[in-house]
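Please keep the structure open as you read.

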Amino acid sequence: MSTTLAGGRAARRQTMRRIRPRRSPAAVLLLAVGAGAAGVLWLWWRNTPSIADDTGRVLGAGRITGLLAGYLMALVVLQMARVPALERRVGSDRVARWHAMSGRYTLCLVLAHIVLTMWGYTLQAGRPVTDIVRQTIDSVTELPDLGKAAIGTGLLLVIGLLSVGGVRRRLGYDTWYHIHLLTYAAVFLTFWHQISDGNDFAVEPAAQTFWYGLYGTVTALVLWYRVLTPVRLNLRHRMRVEAVIEETPGIVSVLISGTKLHRMGAEAGQFFRWRFLAPGMRFSSHPYSLSAAPRPGMLRITVKAIGDHSSRLRELQPGTRVWAEGPYGALTAQRRSRGKVLLVAGGVGITPMRALFETLPGAAGDLTLLYRANSTQDLALWDELAKIADERGARLMYAVNSPDGERPDISPESLRRKIPDLDRHDVFLCGPPGFAQSVYEALRGAGVPARRIHHESFEM
Ligand SMILES: Cc1cc2nc3c(=O)[nH]c(=O)nc-3n(C[C@H](O)[C@H](O)[C@H](O)COP(=O)(O)OP(=O)(O)OC[C@H]3O[C@@H](n4cnc5c(N)ncnc54)[C@H](O)[C@@H]3O)c2cc1C
């Protein structure tokens with residue numbers, strides 16, 4: 001590991017308030033979700049007089065999977081409503097992982113619901129099981145709202161297939177994102193058959209009220225946080241591109257001016273989804289972290305060109321209108337539980353780390369930043385980092401490949417050699433998934449408890 005240490009000048013000593021980390025409400029939320037699922041099963045139990053024969057058992061299983069799919073579908077949409085309590089306290093990347101996982105379960109439950117219900121209807125009609133396709137066509141064409149539900153299910157299937165890792169990477173973010181928006185249409189189309197005549201909700205008024213309440217609340221949250229809140233934010237702060245600065249080959253910083261930007265409630269370590277109203281970019285909004293602490297009249301992002309959107313930022317002209325949604329993300333000072341902090345950045349993962357390095361309260365010697373890049377030429381923002389380290393008495397280290405391309409050693413031993421009291425640090429980590437995983441394992445091996453490793457991924 002190559003190392004430079006910066007520090008020495010009278011460091012800015014900040015009064016450390018007692019550090020009380022904010023606990024993630026993840027466990028409570030999972031309990032609430034489990035309680036909701038149990039309530040849904042209880043509803044089925046209440047409305048089921050007997051499951052004496054095969055037909056009753058198959059239809060019962062069909063109803064259970066359908067109820068759970070409907071419940072989970074509402075949660076899948078809720079997870080993407082960008083509710084600040086979820087985004088800031090649980091973390092956007094974790095919520096996104098929950099969303100992807102719930103989406104997969106929902107799709108499996110929907111498919112199981114269709115097969116079991118149609119199988120049950122086939123038995124009920126006294127037809128042989130081989131007639132299940134014919135029965136399905138009859139049900140879709142004859143039963144109320146099933147035609148809409150079939151179209152919705154088709155959309156869900158397409159979205160699910162396009163979200164599979166390899167397919168999704170080939171699509172590019174923009175295409176995938178816009179196709180993904182069709183989830184709202186799919187949920188809307190499948191909703192109505194859930195409350196049609198003969199279903200659990202039609203015979204149980206209290207349950208119907210609960211179901212309308214669940215879907216109504218989710219719809220209201222989506223409208224509030226994904227539509228009205230961004231409109232208000234952008235009308236109030238009126239952001240524009242101020243300048244575009246090349247940091248290293250392939251990495252640019254975009255300075256964004258606006259009014260009262262410090263009132264946006266953004267913190268170092270957070271990100272916004274940015275839409276630049278320039279020709280060809282109006283319909284794309286991409287997440288980029290703040291690479292400097294927010295100032296009253298200026299925000300800054302720093303972006304590595306890897307695809308269409310990120311490569312076009314260098315062409316932005318001063319004065320271009322900017323539309324932002326956020327702030328999102330939980331990789332902030334509020335996660336901290338210790339006086340000493342190690343920040344670890346891999347590549348362009350330096351952006352939130354740079355903002356935290358500047359702003360995390362701490363006395364001289366409390367903060368250390370380890371920056372991993374391929375070569376010293378790739379260390380974007382290095383001069384600024386060195387200046388911050390110098391002013392704050394913080395340690396700044398880099399780890400780059402050797403001239404023959406060998407990767408630096410980031411192991412429990414090498415980390416402990418550089419930072420002997422590492423196990424008494426909080427660690428903030430941001431970088432590509434492979435790098436983040438190997439650093440996480442090295443940190444755990446060096447004795448840092450999992451609860452003190454705070455990680456945010458740039459994966460979407
Ligand atoms: C919370 C968050 C914060 C981020 N902050 C920053 C930041 O401060 N600076 C910065 O440069 N980038 C950041 N990113 C990543 C950035 O959003 C993407 O690089 C960018 O949106 C890619 O869009 P594109 O149109 O340029 O590439 P696309 O054309 O969509 O993709 C080009 C290729 O890159 C792959 N790809 C796209 N996005 C990612 C990704 N996030 N991770 C890995 N591979 C990807 C695609 O699968 C495709 O193969 C952040 C991402 C997230 C989720």
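Two strands pair if DSSP finds at least two bridges between them. With that in mind, and remembering that this is a predicted model, let us start at a strand pair: S257 stands opposite M298 in β5. Strand β2, residues 251-257, pairs with β5 in the antiparallel sense, and seven bridges join the two.

That pair belongs to an open sheet of six strands, ordered β4-β3-β6-β1-β2-β5 with antiparallel pairing. β4 (286-289) and β5 (298-304) are the edge strands; each has a single partner, so one side of each lacks a neighbour in the sheet. From one strand to the next, the twist averages 40°.

In soluble globular proteins, nonpolar side chains tend to be buried together. The largest nonpolar core here has 35 residues, and L67, Y71, M73, F201, W211, L214 and Y215 have the most contacts inside it. Two or more residues come from each of α1 (26-46), α2 (54-79), α3 (84-124), α8 (182-194) and α10 (205-237). The top contributor is α2, with eight residues. A second, separate core holds 29 residues, including I251, A345, Y371 and V400.

What about the cysteines? Two of them compare as follows.

| Cysteine | Relative accessible area | Class |
|---|---|---|
| C108 | 52% | exposed |
| C430 | 0% | buried |

How many disulfides does the model have? With a cut-off of 2.5 Å between cysteine sulfur atoms, the count comes to zero.

Terms used
Residues numbered from 1 in each chain as written. Predicted model: local features only at pLDDT ≥ 70, side-chain atom pairs only at ≥ 80, totals over all residues. Heavy atoms only, no water. Buried < 20%, exposed > 50% of the residue type's maximum accessible area, 1.4 Å probe, protein only. Helix = DSSP H or I, 4+ residues; strand = E, 2+ residues; numbered from the N terminus. Axes fitted to C-alpha atoms, helices over the stretch in contact; angles between N-to-C directions. Core = buried A, V, L, I, M, F, W, Y, C linked by side-chain atoms within 4.5 Å.
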